[in-house]
Amino acid sequence: MYPSFTGSARRPRQVNLSGRNTNLFAATAASKQSSSTQSTQHTVAHAQAERMQRHQERLRPPAARNIQRTWRGYRSRRQTNDAWRQEWDLRELALATAEGRRSPSDLDSVPYSNGEDCLAQISLLVHFASPREQSDGDRLILLARRYSSFARRTGSAAVSDAWTFPLLRLAKLTVSMLGAFKSRTNSDLSVVMELLSTLAATLPQQMATFSMQYFEALRAVASNSGGMYSMRAPIQGQWEDAIIALLRPALPKAEIVYRGFASQILRIAAIPEDSLQRISSASRVRDLTLAMAGPLTFTPPNVSPHSINREQLLWLVAYFVYFHRTANPFQERSSDNWYVQILSRYISFLAVDIAARIDRTADTSTIHSDESTSTSVSNPPFPPFVRNELLGLISQEHISSLLAKAAASADLKSEGLAARSEQASELAVYALTLLRAFPRKGDEIRMWLYFGSTSRKDTRSEASIPAIKYYYSAANQTSIYKLVRSDPNHAVPLLNPGSRRRANVLPPPDRDEQWQVILLFLELYPIVLKVMDDEDFLNGAVSTSNTESWTRRSALGLDQVKDLTVFLKNLAFSMYWNAPEIAGVEEPENKSSIAAYFGGDLAALSDNHPDGKPVRSQDATIAGLPWMTLSYMKEMVTGLLRMIYERDSRRKFLPGDHWLMTQWFEMDRFVPAVVQEEEEKHKIQDSYGADGDGEEEDSNEEVEEEEVRDILVGTQRTQQVRNIERLRRQQRKASRRKYLESVTPRLEILQNMPFFIPFSTRVQAFRQFVMLDQLRRRRTTDPDLWRFDMMNSNPSHMGRHKARVHRDSIFDDAFEQYYSLGEGLKEPIQIAFVDQFDTVEEGIDGGGVTKEFLTSVTSEAFNSMNGLDMFVENDQHLLYPNPTALDERKELLRQAGEAEGSPYYNESTRDLLRRFEFMGRIIGKCLYEGILVDIHFAPFFLLKWALTGGHNSASRESSYHGNLNDLRDLDEALYQGLLQLKNYPGDVEIMGLTFEVTDTLFPSDRPSSYHPSQAPIARSRELIPNGSNTPVTNKNRLVYITNIARHRLSVQPHHQTSAFLRGLGTIIDPAWLSMFNQHELQTLISGTDSAPDMDDLRRHTLYGGLYVIGDDGREHSTIRLFWATVLAFDMDDKMKLIKFVTSTPRAPLLGFGNLNPKFSIRDGGNDQTRLPTTSTCVNLLKLPVYQDGAVLKERLLYSIRSGAGFNLS
């Protein structure tokens, strides 16, 4: 029996016509095939060929009949059309004879004598005329001349309804034949264009049905004429008349007409402005806006967006902006919401083209004119008309007017939430699109958005609220804001609806609209923080008076700021902690494969992500905006949150534990876990070799120079290869960064959101990172073991770490001998001090000499009175790089006669920057070794350390941006002056300020010895292009203040600061520095400001000589007197004692147990008159064996208050 699903138990027949052996176990070699098998195959093939031949014979007769029928129909139509042509010609001849003319050609401008003859000729012509027959074109021209004359004579183109259908057919014929007139004379074309205009004015409603073909024909006329600027004057006017004739009437199908007009005419390049003015004055912007609200491409749905001619779309957008801008104010206009939506859609589609070409002009792109460069071909400059119209979109007037209307209609008390949210969403999409398309104008756009509602006439109206408060109110009332604020886990399904967490998933339209409002607020609020001083920020929301400055009125209340930071904290935490799930990438630790089993996570990466690229991680977007990626959003959230945290660090306005999120971590395992992630990160980076994430450009200028050099050098093929390789390298870095985010969430949070973790925990992690780096480089943390290993394995390498340093030139000697070490300065160094007699001082370096060397170098290098003058002090005696040091060096070289760019000139300026770099390495060495130095830097300078970005995913948004508040730490007088300018109630233009700044230089061989006889040199610089001719007004004064702060804090000291940070980053990973704010970094450098814990010091003190504790565990009597005396000191004397022994008055961050070398006390003899002395290099106090407590106190206080010096015993 043979069971089957059909119920039949009978095996079906197996018919094999192929000749193949179905027995799997039979021999299959060709030599074993039988001759019968070959014969069977030949028979089957022959049967198939015969079957095909019979099929073709059956199809041949019907095909022949079809061909004959088609030919007979064509011949019959041809004969009929020829007969009609003869009849039309005979009628024209008869009419000519009747008029006394010899031939029809003599009737060119003679109108028909009556309407019946005209209508009969039109009706007959439309029956046979074809665009393929040149003679029919001649007949149409003759008819057009006579009909136009007839229409002018009678004053009407049609005398009855009987004319409608023939004239409509004539219009369609004329439209179809326009394309064939490119080889004719201008006079013939002019006649046909006049006919078309007349017909359009006569039958506008009927011709609206084929308006697309109508405008397509007019577009062909412009193209066949060699472009708009090559069109002759009569034809251009008639071309405009033909367009206006169909646009002017108010038709029921006006949207169809304007759709054809936009899709055909408004894609023509370079329409003359006089033509645009005529057409614009006759058109209705409302209908044009509604027409453009349809499909983006105006093409059939099956057309791919990538096949759209983007150049034509750019012209379309420019013309649309022009029409809207020049529209008659008394016209019925469409709502601005439609206008905003249309521009958002088009600019979003063209954002990449606009961003790449908007700043390129004919002048700036001359270096790209060589045909060998591919850049000039792919990104040519915009035509002037397109560029001007696009730049008009980001003008203050345009942006302010849109937001003013939004603010005018936003009555927060009466308007419904849904309507207000929809309106805010539309404006948000438009603003975000502008920021995407004009990235280099981002700050200006944000500034005009910030001033959006100030252009209202009635500024006393309750509805006149600042734009930032309008958008905060809209964002604060969204469901997303409330959900994320309540729990970070709610952010996952809201950012990625496809995640496993299905709770709280909103419908896509609502979710996108709410995110759009929130994202615009996140874009705007940073610019408010940049221009707002601390007084306005802390007190602005208290007053509601309209007399207050706009900046103060824009300030959110402190309770609102607190609520906002909770939302941002939860959102940021979720985006970092749940990065793989939000991006739609499976977490690496959950992947199981043979490669992962044998090779660990690195092998899993290679196995699961080809080329290191996680699935979907690069393409995940948010808010329905194709260019708004999750990575960009993460940068915005990170940057804004850090800006608020920096302000709170400067002047506390939030509770002390407000920023912590320890409840979401296992804090007892946090440090070991983050150290493991750090080790994993290095393994991944090492696996990629030299192309790792650690490669960073030194400065933006060097990047720009490299790009220009790449453009100017090489053939087109070479440039393409270079660009492809650069793109691939960037993609590999981005993919590795994405993968690192998924496997190192704690590390990402620690480096981007360090305030989530307590300071003491971060310090522990920092010291563990240093120890991990030492083990990776040295295979030990013991310097002596490393020296011993080097002496046995690589003595020459060990020799590079030895140096002879004169005490009267410590910095210069250290720079000459140790600068070439570079990153090798991390290793233990061996110092031999040399006195003024060139005699090497005796001593054994157990870490103490190194400490003495580092403290001496820092004391000399950062002392503003030592003649180096590389660092200067502010009013609080806090240090920062001398902003004029490089300019003064260049000026000194010019005065010495050195030509700019000469070898000596370049070497001298590089030498200065190398010294700044070396100073950064020295500070890094102190941090690396855990040695505290009594150096205090200005907070704004330390803030640059904390915001160096490192390897975090928000390096751009969280990088340093100078602002007005930081300027206070640089120049108090300048800060107060700018503050008065910002709050000045009158017209600031009377001050005569321009966008220009003057730097004062004091070039001298010894810049520290300035005296009144030295003549300062003034150097003026423009803050913006043409800044010297741009006055400072009430509207742009915040821009002026921002530019001044940026110049003083970032631009002027850029090279010096970059060199210092480059050296610092050589020793200390910049990602480690980003774990601390400016005040915490100062604590890392010089210790805590709190009172030293003397009990902790006593527990970790080592004793030597007579003071060694014996087996009984009891302290020496003098030691007991010492601690009894010290514990009774006030805090000032305790700190002096710490500084007396360790050279710094502050305790180590993690207590005296981490002091290196340990605090030690040994006996200093029995002489009761001798003072206590120290060896600060080894943190050793030499205390004589005093018998009386009063004597001990007197001698000890005398020593610590007089600052007794170093004494090597």
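**Figure 1. Salt bridge between aspartate 82 and arginine 78 in helix H1 of the predicted model**. The side chains of aspartate 82 and arginine 78 form a salt bridge with an N to O distance of 3.7 Å. Both residues belong to helix H1 and are four residues apart, about one turn of the helix. Aspartate 82 is partly exposed, at 29% relative accessibility. Arginine 78 also counts as partly exposed, with a relative accessible area of 34%. Side chains of opposite charge can pair when their charged atoms come close.

**Figure 2. Patch of positive charge on the surface**. The patch gathers Arg65, Arg69, Arg72 and Arg75. Arginine 72 lies in helix H1, which covers residues 35-98. The relative accessible area of arginine 72 is 43%, so this residue is classed as partly exposed.

**Figure 3. Salt bridge between glutamate 255 and arginine 259**. The closest N and O atoms of glutamate 255 and arginine 259 are 3.8 Å apart. The two residues are separated by about one helical turn because they are four residues apart in helix H9. Glutamate 255 has 40% relative accessibility and counts as partly exposed.

**Figure 4. Salt bridge between aspartate 353 and arginine 310**. The side chains of aspartate 353 and arginine 310 meet with an N to O distance of 2.8 Å. Aspartate 353 is in helix H14 (residues 351-357) and arginine 310 is in helix H12 (residues 310-325), so the pair ties together parts that are 43 residues apart in sequence. At 18% relative accessibility, aspartate 353 is buried, because buried means under 20%. Arginine 310, at 27% relative accessibility, is partly exposed.

Figure 5. A search of the whole structure finds 58 salt bridges.

**Figure 6. Alanine 270, a residue other than glycine with positive phi**. Phi of alanine 270 is near 60°. Alanine 270 sits in the loop between helix H9 (254-264) and helix H10 (273-282). Its relative accessibility is 26%, so alanine 270 counts as partly exposed.

**Figure 7. Alanine 623, a residue other than glycine with positive phi**. Alanine 623 has a phi near 65°. The loop that holds alanine 623 runs between strand S1 (621-622) and strand S2 (625-629). Alanine 623 counts as buried, at 2% relative accessibility.

**Figure 8. Helix H19, largely enclosed by the rest of the structure**. Helix H19 spans residues 442-450, and seven of its nine residues are buried, so the helix is largely enclosed by the rest of the structure. The buried residues are Gly442, Ile445, Arg446, Met447, Trp448, Leu449 and Tyr450.

**Figure 9. Overall context for the close-up views.** The protein has 51 helices and 12 strands. Of its 1209 residues, 51% count as buried. The protein exposes about 56700 Å², and carbon and sulfur atoms supply 51% of this area. Among contacts between residues at least 6 apart in sequence, 75% join residues at least 24 apart.

Technical notes: Residues are numbered from 1 along each chain as its sequence is written. This is a predicted model: local features need pLDDT of at least 70, side-chain atom pairs count only at pLDDT 80 or more; totals for chains, interfaces and linings use all residues. Side-chain values use heavy atoms; hydrogens and water are left out. Patches are made of residues with over 30% relative accessible area and no salt bridge: like charges are joined within 9 Å, nonpolar side chains (Val, Leu, Ile, Met, Phe, Trp, Tyr) within 5 Å. Accessible areas come from the Shrake-Rupley method with a 1.4 Å probe; for residues, only the protein chains shown count as cover. A salt bridge is a side-chain nitrogen of Lys or Arg within 4 Å of a carboxyl oxygen of Asp or Glu. Lys and Arg count as positive and Asp and Glu as negative; His and the chain ends are not counted. The place of a charge is taken as NZ of Lys, CZ of Arg, CG of Asp or CD of Glu. Buried means under 20% relative accessible area, exposed over 50%, partly exposed in between (1.4 Å probe, protein chains only). Contact means heavy atoms within 4.5 Å.
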